[in-house]
Amino acid sequence: MSTELNKDSRRESLNPVSNSGRIFGLPSYIALWISSMVVIQIFMVGQSFLPPAGQLNITQAVVVMVIAALLIGLFFVLNSKPGMEYGIPFIVQARTAFGYNGARIASLIRVLPAVFWYGIGSWIGASAMDFITVTIWGWGNIWLYFILFQVLQTLIAYYGIQSIKWFDSALSVVILGFLIYIVAQLFRVGSDNMLSSFQTTGTWGMPFYAAITASVGVLITATINNGDLSRYLKNEPKNNWIGHIVGVVPMFVLMLAIGVLSAAATGIWDPVQALVSVIPNPIVAVALMIFIVMAQFTSNLTINIEPPAIVLMEVFNLKWSTSVIIVGILSIITFPWLLISSTAFNTFIAFYSAFLGPLLGILLADFYLVRKQKLNIDELYSDNVKYNLLGLGSLVIGGIIGIIFLEISWMVALPVGGFLYWAGYQYLPAYKKQLSQVDVHIGS
């Protein structure tokens, strides 16, 4: 069976993708990420740095953006390598650290936030559509647009990875152009307010570290399961580095920066209202809202629909098309209209990051420190080891530590989870023996 996701794909499509079966070259992969990274939630995190939502000044916000960009780039490159090199998706990669069935448990920690973000992104898009029709015709219905949004996104994703690739790549240039225009407008309208923000004291205390936590946390989900996409990227080391450093990092910084500039220029929290407030006339405002709608399509397709759909397909051996429909329904019942209006937006990110941090730390420790970047593919597709209790235990302990230090959740939980997992293979007799047997299998 083909490993290229299409509407009829089932569990067998998660077998390793051969290099001849890779559909992404470097240009198309970069274009995919340029469009996928227009995530309004990243914009909202940037907004939360400065008053009225945050306590930083622009200087501190810029430092946060630089640190977060370096970390996001590093995490993408490191954790995308197993997928690109071996052609395996995230849920298969996770089997070495958590066991065949344990990987399904670990994957739930990744896909639950994706379902929530899917709903939030769709609600933002529906808000933009509501603005468009109210502006043009004096009538709108955000609930109708929300359901319509879900149907259209599900329809695009329904046909698999090729339709996602085509849609995201086609819109990348248009999206980039609109972002440049928005930055120019923010400077034009709010330059005086931005100047005063440089002069405020701000803080280098806990709110500064919490801002880093939120900035990385909003995208840590994508770093964990990016093997689902990198497995379709031509297997060349430069593709991994260039694809993510060029495709992901600049756009990530740009979205954070637009959020920061928007907060400084307007002082408005709502993303749609903030952007509309700096637009010179209704025609351009409508064009901007169309842009927001398209941006939510591209980011949801790549980051929020594919991961949970793959997990459903693997766990229940459902068709890809069926899985996509289920994910769309689940995202509706997350009640995104409540979460996006909540003052606990960054707390939501910190909470799920408390468990995603150790999950990423364990994956990296397993591939680079324990397995030395060598995987036994036959073993990955065998259910001989159903649960790796060391991996699951390290995940739970790391997550608890992350909850205790919630404001900086993943920053503490990631090294804790990774260290516990590595130490177990170094010092626990049963795991030391298991690792020596793995080395024999790989070397034979």
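Visitor: How many helices and strands does the secondary structure of the chain come to?

Guide: Welcome! The chain has 21 helices and zero strands, where helices (H or I, at least four residues) and strands (E, at least two) are DSSP runs numbered from the N terminus. Please keep in mind that this is a predicted model, in which local features need pLDDT of at least 70 and side-chain atom pairs count only at pLDDT 80 or more, while totals for chains, interfaces and linings use all residues. Residues are numbered from 1 along each chain as its sequence is written, and side-chain values use heavy atoms, with hydrogens and water left out.

Visitor: What makes the reach of helix α20 close to the expected one?

Guide: The expected span is 1.5 Å times one less than the number of residues. Helix α20, residues 409–427, has 19 residues and reaches 27 Å from its first C-alpha to its last, close to the 27 Å expected.

Visitor: Why is tyrosine 427 called exposed?

Guide: Buried means under 20% relative accessible area, exposed over 50%, and partly exposed in between (1.4 Å probe, protein chains only). Tyrosine 427 has 60%, so the residue counts as exposed. Tryptophan 422, at 25%, is therefore partly exposed. The buried residues of α20 include Trp410, Leu414 and Tyr421.

Visitor: Why is the pair of tryptophan 123 and phenylalanine 146 called edge-to-face?

Guide: Rings of Phe, Tyr and Trp (its six-membered ring) pair if their centres lie within 6.5 Å; planes under 30 degrees apart count as stacked, over 60 as edge-to-face and the rest as tilted. A search of the whole structure finds 14 aromatic pairs. For tryptophan 123 and phenylalanine 146, the centres are 5.4 Å apart and the planes make 70°, which is edge-to-face. Tryptophan 123 lies in α6 (residues 102–137) and phenylalanine 146 in α7 (residues 142–158), so the pair ties together parts 23 residues apart in sequence. Both residues are buried.

Visitor: What makes the pair of tryptophan 422 and tyrosine 427 edge-to-face?

Guide: Their ring centres are 6.4 Å apart and their planes stand at 90°, so this pair is edge-to-face.

Visitor: How do you know that arginine 95 lies over the face of tyrosine 381?

Guide: A charge sits over a ring if NZ of Lys or CZ of Arg is within 6 Å of the ring centre and within 35 degrees of the ring normal. Arginine 95 is at 5.5 Å from the ring centre of tyrosine 381 and lies over its face.

Visitor: Why is serine 277 called partly exposed?

Guide: Its relative accessible area is 38%, so serine 277 is partly exposed. This serine 277 is found in the loop between α13 (271–276) and α14 (282–316).
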